[in-house]
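Here is a short briefing on one protein chain. Keep the structure open while you read.

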Amino acid sequence: MPLAIVRAGPADLDDLAVLFDAYRQFYGQPADLTRARDWLRSRLRLGEAVALLARRDGAAVGFAQLYPMFSSVRTARLWILNDLYVAADARRSGVGRALLDSAAAFARSDGAAAIALETARDNHAARALYRAAGWREDATQWYSLVFPAAGR
């Protein structure tokens, strides 16, 4: 079963939205396919994100979504790998690694100085995957300030 990773476009929106909705549910959000589709459509149409879609035998099995960021110190573009999701029935088959590698290749070809992601300390499976793919854990510590009305 060959795996293909493509940059998602308008024709991929329905398949991407189903995966994105499942991803949000994985993180405790209620199912809302319309909201997922609208969010993706806006990000992609406005050029605010790049989505990579993994297909195996034509079926959408995973995605990665990247957002641009800029480093003032490096005076360079960076990419944030903000979302990575593989459908439950496609896990442990190389889809996650292929998406990671494709995201890195995209950022590199875009001329970015780096690509970064964040995950929970207790997400051992994901951390092992990232390390196996050559990513390193940085010594920096992220902080956040959540605005409840915006978090929905």
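Strands S1 and S2 pair in the antiparallel sense, with 5 bridges. Leu3 has Arg56 in S2 as its bridge partner. The model is a predicted one. The points below go from the sheet to the helices, then to single residues.

**The sheet**

- The sheet is open and has 5 strands, in the order S1-S2-S3-S4-S5. Its pairing is mixed.
- S1 and S5 are the edge strands, and each pairs on one side only.
- On average, neighbouring strands in this sheet are turned by 25° against each other, direction ignored.
- S3 and S4 are antiparallel and share 10 bridges. Leu66 has Leu81 in S4 as its bridge partner.
- S3 and S4 also form a hairpin, with 4 residues between the two strands.
- S4 and S5 run parallel and are joined by 3 bridges. Here Trp79 stands opposite Ile115 in S5.
- S4 is mostly covered, with 8 of its 11 residues buried.

**Helix H3 on the sheet**

- H3 spans residues 95–109, which makes 15 residues. From first C-alpha to last it reaches 21 Å, close to the 21 Å expected at 1.5 Å a residue.
- H3 packs on the sheet and touches S1, S2, S3, S4 and S5. The direction of H3 makes about 165° with that of S4.
- Which residues of H3 are buried? They are Val95, Gly96, Ala98, Leu99, Leu100, Ala103, Ala104, Phe106 and Ala107.
- These buried residues pack against strands S1 (3–7), S2 (50–56), S3 (59–71), S4 (76–86) and S5 (114–116). Helix H4 (124–132) is also among the elements they pack against.
- Gly111 follows H3 and has a positive phi, near 85°.

- H1 has 14 residues, so at 1.5 Å a residue it should span 20 Å. Its end C-alpha atoms are 20 Å apart, which agrees.
- The buried residues of H1 are Leu13, Leu16, Ala17, Leu19, Phe20, Asp21, Tyr23 and Arg24. Their cover includes H2, S2, S3 and S4.
- The axes of H1 (residues 13–26) and H2 (residues 33–45) come within 8 Å of each other. They cross at roughly 120°, and the crossing is right-handed.
- On the H1 side, the contact is made by Leu13, Asp14, Leu16, Ala17, Val18, Phe20, Asp21 and Arg24. On the H2 side, it is made by Leu33, Arg35, Ala36, Arg37, Trp39, Leu40, Arg41 and Leu44.
- How many residues of each class make up the contact of H1 with H2? It has 10 nonpolar residues, 6 charged residues and no polar ones.
- Just after H1, Gly28 takes a positive phi of about 90°.

- Arg43 lies in helix H2.
- Is Arg43 buried or exposed? Its relative accessibility is 13%, so it counts as buried, the cut-off being under 20%.
- Arg43 is in contact with Glu48, Ala49, Gln65 and Tyr67, leaving aside neighbours within four places in sequence.

**Positive phi outside glycine**

- Asp57 is not a glycine, yet it has a positive phi of about 50°. Asp57 lies in the loop between S2 and S3.
- Asp57 has a relative accessible area of 53%, and therefore it is exposed, since exposed means over 50%.
- Where is Thr75? Thr75 is in the loop between S3 and S4.
- Thr75 has a positive phi of about 45°, although it is not a glycine.
- Thr75 counts as exposed because its relative accessibility is 70%.

Note on methods. Residues numbered from 1 in each chain as written. Predicted model: local features only at pLDDT ≥ 70, side-chain atom pairs only at ≥ 80, totals over all residues. Heavy atoms only, no water. Expected span 1.5 Å × (residues − 1). Buried < 20%, exposed > 50% of the residue type's maximum accessible area, 1.4 Å probe, protein only. Contact = heavy atoms within 4.5 Å. Axes fitted to C-alpha atoms, helices over the stretch in contact; angles between N-to-C directions. Left-handed = near helix turned anticlockwise from the far one by under 90°. Nonpolar A, V, L, I, M, F, W, Y, C, P; charged D, E, K, R; others polar. Pairing = 2+ DSSP bridges.
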